[in-house]
Amino acid sequence: MESYYLDWVNLLLRWAHIITGIAWIGTSFYFVMLDNSLEKPRDAESLDKGVGGEQWAVHGGGFYNMQKYAVQPKKLPDHLHWSFWESYSTWLTGFALFTMSYLWNASTYLIDRSKMDWQPSTAVAVALAFFVVFWIVYDGICRLFGRGKHGDTIVGVLIAVFIALASWLACHWFAGRAAFLLVGAMMATTMSGNVFFWIIPGQRKNVAAMRAGKPVDPVNGQRGKQRSVHNTYFTLPVVFTMMSNHYSFTYTHQYNWIVLLLIMLGGAAIRQFFVVRHRFKLGNARNPLPYVLLGIAVLGLTIIWMRPAPVAASAAVAPPADVAFTQVRQVFDQRCLLCHGAQVQMKNVRLDSVEQIATHAQAVYQQVVVSKIMPMANSTGMTDDERALIGAWFQAGAKTN
């Protein structure tokens, strides 16, 4: 019964995480689009108010006029809309979900003993250290090089190198599924850190200065803009890592860390296309088509590189022609009951009774034989022969008598 309620908590947290993530990404994408779509106003009234750029839009049957001031409005309104709850809510729900799914069940989901045979507490501490260390290094890179000559390029290269290092470490220390999510959560934590430590505080300082009639320190806007741009390019790679746990062929690859980096690179290049596209439409930038072609090429070459080698018919594992249910039941008892037995029922699935095995036969076949996700990180050592046995049993009708 306890696992039943935990599954509901997991479901609701995941739902909330997706909803708040959509709100955050949507807001981020909208403001990037808006910044790159502004045109200089032509009417004297807007120019006199200090409007530096504006966009006219139609939506839902109404017309909207978005305006951005070059410096600040002559009179700051009492009510301002702040975009921060989306970021904080996304991080809080995401961290809670990561804690439930991976940190709380470190022995099952986080640790792959063929890579690192460490205690759950050690694995959890190292996983959390990824969040902290990446933020410290990232923030230090931005502070040291962000405002110098070619600062954006230097910062971008150094961050990319550090992400590559973090990806290599994660994929060599943790189970592949957890490693991909850990890298994504690490980047997402930095995105929320940018909002919490730089973007919102900088905006608050500027607003306070305006209300007090004091000059605004431009560094607050510069830093906020820099971190906001970084968040934009982190977005698609992070979204991929959120999806990756459904596609085991990516994180179980021999060179899974390279797979992760290539897919993130392709996503960042495609995101660059959409960023530049808005300025291109106004004649303020070159055609961004090469960026999307680069992203597609990277993903396409990754697909070709990862394709499985053809297996000769003689080399394939031949399942027995006639599989007795007692043989399959023995495999379940040895390999599955640790997480799906009388004591623990992960995902509310039990495989310790004939009725439950019959109920979950389809899911077992998909998870064990097709995707080979289960057992998680193959922690119980299920063999290819045992997977073939279950596959033959299911294809023969999943009989339990």
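Trainee: How many nonpolar, polar and charged residues are in the lining of the largest pocket?
Mentor: The lining of the largest pocket has 23 nonpolar, 18 polar and six charged residues. Here Ala, Val, Leu, Ile, Met, Phe, Trp, Tyr, Cys and Pro count as nonpolar, Asp, Glu, Lys and Arg as charged, and the others, Gly among them, as polar. Please note that this is a predicted model, in which local features need pLDDT of at least 70 and side-chain atom pairs count only at pLDDT 80 or more, while totals for chains, interfaces and linings use all residues. Residues are numbered from 1 along each chain as its sequence is written, and side-chain values use heavy atoms, with hydrogens and water left out.

Trainee: What is a pocket, and what is a cavity?
Mentor: On a 1 Å grid over the protein atoms alone, a cavity is a set of points where a 1.4 Å probe fits but cannot get out, and a pocket is an open set with protein on both sides within 12 Å along at least five of seven lines; lining residues have an atom within 4 Å of a point.

Trainee: Which residues lie nearest the centre of the largest pocket?
Mentor: They are F31, D35, K68, I199 and Q203, out of 47 lining residues.

Trainee: And which element gives the most to that lining?
Mentor: Helix α8 does, with 10 residues. Helices (H or I, at least four residues) and strands (E, at least two) are DSSP runs, numbered from the N terminus.

Trainee: Which residues are closest to its centre?
Mentor: Of the 41 residues that line the second largest pocket, those are Y109, H340, M346, K347 and M374. Helix α1 supplies the largest share of this lining, six residues.

Trainee: What about cavities: how many of 30 Å³ or more are there?
Mentor: The search of the whole structure finds one. W24, I25, S28, M191, N231 and T235 line the cavity, and three residues, the largest share, come from α1.

Trainee: One last topic: is S192 buried or exposed?
Mentor: S192, in helix α7, is buried, with a relative accessible area of 8%. Buried means under 20%, exposed over 50%, and partly exposed in between (1.4 Å probe, protein chains only).

Trainee: What is S192 in contact with?
Mentor: Leaving aside neighbours within four places in sequence, S192 is in contact (heavy atoms within 4.5 Å) with W24, S87 and W91.

How values were computed. Points joined across faces, edges and corners; volume = space filled by probe spheres on them.
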